[in-house]
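Here are my notes for your reading of the model. Please go through the points with the structure open.

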Amino acid sequence: MTSKEILSEMYLQHIGVKPTSADMMPRSGSNRTYYRLTGPMNLVGAAGVDRDENEAFIYMSRHFKSKGLPVPEVLAVSEDHMHYLQEDLGNDILFKIIEKSTQTRSFNERDKILIARSMRMLCRVQFEGAVGFDFNKCYPTPAFDRRLVMWDLNYFKYCFLKPTGIEFDERRLEDDFERIADVLLSNMSDTFMYRDFQARNVMIRDEQPWLIDFQGGRKGPFYYDVASFLWQARAHYTHDLRAEMLDVYLDELSHYAPINPNHFMSRLRYFVLFRTLQVLGAYGFRGNFEQKPDFKKRIPDAIELMADLLNETPFTEFPYLNNILTKVVQMPELKGKIKDPLTVTVCSFAYKKGIPADDNGNGGGYVFDCRAIDNPGKYDRYKPMTGVNPEVIEYLERNGEILTFLEHVYALVDASVKRYIDRKFTNLMVSFGCTGGQHRSVYCAEHLAEHVYNKFNVRVVLTHSQTPHFDELENREFTPKSMQSK
């Protein structure tokens with residue numbers, strides 16, 4: 001029987017009817033396969049490839065459930081322990097909820113509340129979950145130890161560092177690895193170490209966090225999970241958000257163990273380093289050896305994180321490793337494709353001819369309607385002129401109406417340009433329209449183009465191609481100031 005058939009039969013035995021559907025759920029980095037079984041009760045069926053790993057999850061789930069911790073309840077297990085049914089927590093993964101914010105690096109109030117609740121829940125599972133816990137049930141080992149530390153450090157060395165081509169003295173690097181292991185293992189505690197606590201392993205139900213994929217957990221230092229969560233490379237948490245969430249965690253931690261915040265931070269930085277090395281090793285293995293392109297794409301995120309760590313406080317305690325990492329983060333090929341600078345295209349147009357098409361295919365940007373501004377084109381004197389003629393400019397600026405209009409435009413466009421630069425977007429289009437595309441729209445396009453060019457280090461393209469006086473107007477392309485100096 002296939003896993004789908006086995007899980008459907010288990011559903012029948014548990015619920016009393018066959019599921020109406022059994023659909024495979026999207027795969028992640030795990031070798032397990034999950035199916036959503038729908039019917040009178042929606043359940044998730046898991047098909048594992050390792051019995052010991054399955055048994056670890058089943059034991060942990062039942063233990064944490066007995067402690068009142070929010071984890072999926074295991075409802076049925078096959079005789080060979082290779083398949084099991086568990087509670088369906090829905091589809092709201094924390095990472096998906098905050099994904100747009102991770103891209104913009106601007107987190108809203110709901111994001112912060114959910115992340116803070118996850119930090120508090122982490123502390124609970126670390127301490128409350130460890131009470132009465134049989135760590136011998138953990139897979140593959142009961143505790144975080146030197147062997148595991150060295151495995152992960154060598155994972156980084158062989159799967160990531162060696163493929164970069166950087167020459168290094170293996171003996172000196174191993175000496176620093178031993179020093180790192182000494183520091184990490186000096187912070188052991190009788191707590192549950194989740195090991196893979198990240199936003200992808202937190203489900204949100206009724207605005208509360210629920211925990212999944214904890215089968216790799218074991219006894220270990222609580223610092224590890226804090227580093228794993230807040231310094232997750234793809235989450236792009238800001239420094240301010242990390243600081244805020246660390247305060248939340250320390251507040252929760254105060255209920256379980258006395259700790260000095262300065263001491264906590266001094267210890268945490270080593271686990272952040274270790275976790276980032278581990279992530280680079282994983283990305284290197286999945287991307288370079290298993291040839292999974294999605295993991296190759298993640299490498300620049302981890303490189304950016306490592307660069308931030310080194311800039312903030314170099315790890316002079318591990319001088320040779322620090323030197324090697326400094327070389328790594330400076331390698332252009334590891335930073336991802338260097339994109340062209342942002343181009344802001346500014347257009348004037350006549351509404352009777354239609355809004356200009358966005359040739360870049362983004363379909364976004366701004367279209368401003370200038371027709372509410374007093375029109376100089378109603379006077380015969382100005383009809384042969386455009387928005388660049390001094391007489392038209394004087395007329396438009398006389399009552400200040402168009403200047404107030406542009407102040408609001410500048411505020412909106414400035415905010416977008418800043419965000420587009422941060423997000424490494426390459427195109428933004430801004431169009432101004434009026435009745436004839438000759439006076440008001442031309443004036444506004446000219447002034448915005450100059451404003452953006454003078455304020456930001458971006459390329460600006462100005463076009464009046466839809467106006468009847470196109471041949472008389474200057475279409476211009478501006479070069480970023482950073483390029484002019486080269």
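**Notes on the predicted model**

1. In this predicted model, five strands form an open sheet with mixed pairing, in the order β11-β12-β10-β13-β14. Strands are DSSP runs of E of at least two residues, helices are runs of H or I of at least four, and both are numbered from the N terminus. Two strands pair if DSSP finds at least two bridges between them. At the edges are β11 (366–369) and β14 (476–478), each pairing on one side only. From one strand to the next, the twist averages 15°.

2. Strands β10 (residues 343–350) and β12 (residues 427–434) pair in the parallel sense over eight bridges. S348 has F432 in β12 as its bridge partner.

3. Helix α14 (residues 440–455) lies across β10, β12, β13 (459–463) and β14, and runs at about 170° to β10. Angles run from 0 to 180 degrees between N-to-C directions, with axes fitted to C-alpha atoms, for helices over the stretch in contact. Contact means heavy atoms within 4.5 Å.

4. Helices α4 (residues 109–127) and α7 (residues 223–230) pack at about 155°, their axes 11 Å apart. α4 is therefore roughly antiparallel to α7 (the term covers angles over 145 degrees). The contact is made by I115, S118, M119, L122 and Q126 of α4 with D225, V226, F229 and L230 of α7.

5. Mean pLDDT, the predictor's confidence in each residue from 0 to 100, is 92 for the protein, and 94% of residues reach 70 or more. Over residues 482–486 the pLDDT is below 50. Where pLDDT is low, the predicted coordinates should not be read in detail.

6. Residues are numbered from 1 along each chain as its sequence is written. Local features need pLDDT of at least 70, side-chain atom pairs count only at pLDDT 80 or more, totals for chains, interfaces and linings use all residues, and side-chain values use heavy atoms, leaving out hydrogens and water.

Terms used:
Angles under 35 degrees count as roughly parallel, over 145 as roughly antiparallel, 65 to 115 as roughly perpendicular and the rest as oblique.
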